[in-house]
Amino acid sequence: MTTDSPPTDRRRWLALAVVMTASFMDLVDVTIVNIAMPSIRRDIDASFSVLQWLSEGYALAFAIGLITGGRLGDIYGRKKVFLLGIGGFTLASMLCGIVSDPQLLVGARVLQGLMGALMVPQVLSIIHVTFPAHERGKVFGMFGAVVGLGAVSGPLLGALLTQWNLFGLEWRPIFLINLPVGIAGLILGRRFITESKAPKALKLDLVGVALASVGLLMLLYPLTQGREHDWPLWGFISMAASLPVFGAFVAYERHKTRKDGSPLVELSLFRVRSFAGGVGVQLVFGMTTGIFFMVWTMYMQIGLGWSALRAGLTGIPFSLAVSTAAGMSVQKLVPRFGRKVLQAGALVMAAGVLTYIWEADRYGADIKSWQMALPLIVMGAGMGLIVSPITDAILSEVPREHAGSASGLINTTMQLGNAIGLGLVSVAFFSVVDDADPRRESMADIFGGAFTHALWWVAGGMALVFALLFLLPKRRAVEDAPAMEHEPEAELAAA
């Protein structure tokens with residue numbers, strides 16, 4: 001990596017504040033939308049498929065653009081691409097806050113995801129070149145705290161902004177709040193971030209990006225829209241046709257590797273058993289969490305008729321449990337028990353899901369927020385045991401020279417799993433809602449039944465995660481630990 005000049009002490013800490021604020025903005029924006037969806041639905045008459053695309057469009061665009069965004073930073077300069085990303089993210093946030101057409105809102109969310117994919121990959125690389133090795137542990141500890149804070153504050157901030165209805169804008173402030181933050185980030189980032197590039201940057205694999213994008217859209221679009229069109233034949237043809245497109249993507253990546261050694265995806269990584277299994281873990285885990293967070297919001301606000309604020313407050317025990325368990329997992333449990341901690345996390349999370357199913361069935365429409373606290377704490381604890389150490393565990397047997405690209409692929413897979421899970425909400429949740437008879441059942445009973453049906457999908461997903469975790473090594477060898485010290489993407493695992 002090359003830099004223009006080493007940053008002064010004051011400048012580097014201001015640069016850290018800028019990139020961490022950008023990361024916080026992205027993390028909050030992922031979770032803040034879910035809590036405002038019922039308000040969006042009422043205000044602009046958005047269909048359920050549009051609500052799905054508000055999350056799925058962002059997740060899909062973000063996932064597809066992550067690796068490409070990292071490559072652009074290597075080639076053209078991380079500071080330059082970061083500023084482009086944060087500027088575009090701010091503009092897209094403004095568009096989200098002013099449009100009234102549901103399709104335009106989805107388009108603005110897709111643009112947000114693409115701009116986030118330019119911004120986020122640069123954060124860890126900028127930190128890496130800005131701080132010396134002996135300070136990075138402290139810096140990434142701070143970064144981890146920001147990640148935890150984003151998880152806790154997103155739903156609550158979304159609930160407050162929606163509930164307050166500032167200036168009569170309903171849900172729009174959840175997006176417009178990004179404007180002053182983004183503008184400040186642009187001004188301060190331009191002044192205090194030091195430019196850096198990779199000395200031997202790889203070329204962009206535009207054909208690979210196009211094939212992956214087309215294949216994913218052919219799979220996810222009919223999965224999300226099919227319910228509203230009574231599952232037409234073209235949807236099944238599109239999903240089936242996505243398989244040869246993915247096959248063409250793999251073939252082209254092999255050709256690209258032989259041609260110039262710069263494929264979008266390093267296919268040789270899948271020869272490492274633990275990495276291939278770990279990608280499966282991330283994909284399934286992303287799918288299950290994508291399903292849960294979407295249907296959870298619908299259940300509380302539309303089914304039970306709770307306000308956005310009450311729904312946001314109900315989720316606090318979950319977020320706190322995730323943050324607490326994540327810290328314990330990395331610092332104390334995984335170094336001692338290794339893979340068993342992650343498997344325990346999958347079982348604990350599944351136990352929380354089953355407890356939630358039992359409570360939702362038992363209490364029905366009369367369920368209270370405090371009664372949800374137990375399953376949410378158990379689920380959060382299970383998730384926390386997995387999310388922090390999983391990337392490091394997956395990378396433990398990956399060759400050092402591929403650690404950076406492998407870490408980027410893992411993060412991309414998690415986002416893709418989330419997008420697929422959001423598409424599966426049509427089958428796991430909304431299909432039950434459609435089959436119900438509102439003349440014989442209340443809205444609370446209909447959405448309660450759909451919620452418990454979707455939770456069985458989540459429980460099944462966690463059982464599959466538990467099985468796939470057997471493909472990971474029992475524990476990471478101590479001598480392997482330094483392998484990723486100089487890979488900025490891999491530092492995310494430690495955070």
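## A buried salt bridge: Arg-109 and Asp-29

Arg-109 is tucked away in this predicted model, buried with a relative accessible area of 1%. Its partner is Asp-29: the two side chains meet in a salt bridge, at 3.1 Å from N to O. Arg-109 sits in helix α4 (residues 102-130) and Asp-29 in helix α1 (residues 9-44), so this pair ties together parts that are 80 residues apart in sequence. Asp-29 counts as buried too, because its relative accessibility is 1%, under the 20% cut-off for that label.

## The other salt bridges

The structure holds four salt bridges, and the one between Arg-109 and Asp-29 is among them. Another joins Arg-172 to Asp-43, with the closest N and O atoms 3.7 Å apart. Here Arg-172 comes from the loop between α5 (133-164) and α6 (173-176), while Asp-43 belongs to helix α1, so the pair ties together parts that are 129 residues apart in sequence. What about cover? Arg-172 is buried, at 11% relative accessible area, whereas Asp-43 is partly exposed at 35%.

Then there's Asp-437 with Arg-439, where the closest N and O atoms are 3.1 Å apart. Asp-437 is partly exposed, with a relative accessible area of 22%. Arg-439, on the other hand, counts as exposed because its relative accessibility is 76%, and the cut-off for exposed is over 50%.

## Nonpolar cores

Which residues have the most contacts inside the largest nonpolar core? They are Phe-275, Met-298, Phe-429 and Phe-451, in a core of 107 residues.

Setting aside its neighbours within four places in sequence, Phe-451 is in contact with Phe-292, Val-295, Trp-296, Tyr-299, Tyr-356, Ala-360 and Phe-429.

Thr-90 lies in helix α3 (residues 78-98). Is Thr-90 buried or exposed? It counts as buried, because its relative accessibility is 8%. Leaving out residues up to four places away in sequence, Thr-90 touches Asn-178, Leu-179, Gly-182 and Ile-183.

Ile-183 turns up again on the surface: together with Leu-186, Ile-187 and Leu-188, Ile-183 forms a nonpolar patch with about 340 Å² of accessible area. Ile-187 lies in helix α7 (residues 178-192). Ile-187 counts as exposed, because its relative accessibility is 57%.

## The chain as a whole

Stepping back, the secondary structure of the protein chain comes to 18 helices and two strands. The chain has 495 residues, and buried ones make up 56% of them. As for contacts with a separation of 6 or more, 84% are between residues 24 or more positions apart.

The accessible surface of the chain comes to about 20,500 Å². Carbon and sulfur atoms account for 65% of that surface.

Key: Residues are numbered from 1 along each chain as its sequence is written. This is a predicted model: local features need pLDDT of at least 70, side-chain atom pairs count only at pLDDT 80 or more; totals for chains, interfaces and linings use all residues. Side-chain values use heavy atoms; hydrogens and water are left out. Patches are made of residues with over 30% relative accessible area and no salt bridge: like charges are joined within 9 Å, nonpolar side chains (Val, Leu, Ile, Met, Phe, Trp, Tyr) within 5 Å. Accessible areas come from the Shrake-Rupley method with a 1.4 Å probe; for residues, only the protein chains shown count as cover. Helices (H or I, at least four residues) and strands (E, at least two) are DSSP runs, numbered from the N terminus. Buried means under 20% relative accessible area, exposed over 50%, partly exposed in between (1.4 Å probe, protein chains only). Contact means heavy atoms within 4.5 Å. A nonpolar core is a set of buried Ala, Val, Leu, Ile, Met, Phe, Trp, Tyr and Cys residues joined through side-chain atoms within 4.5 Å.
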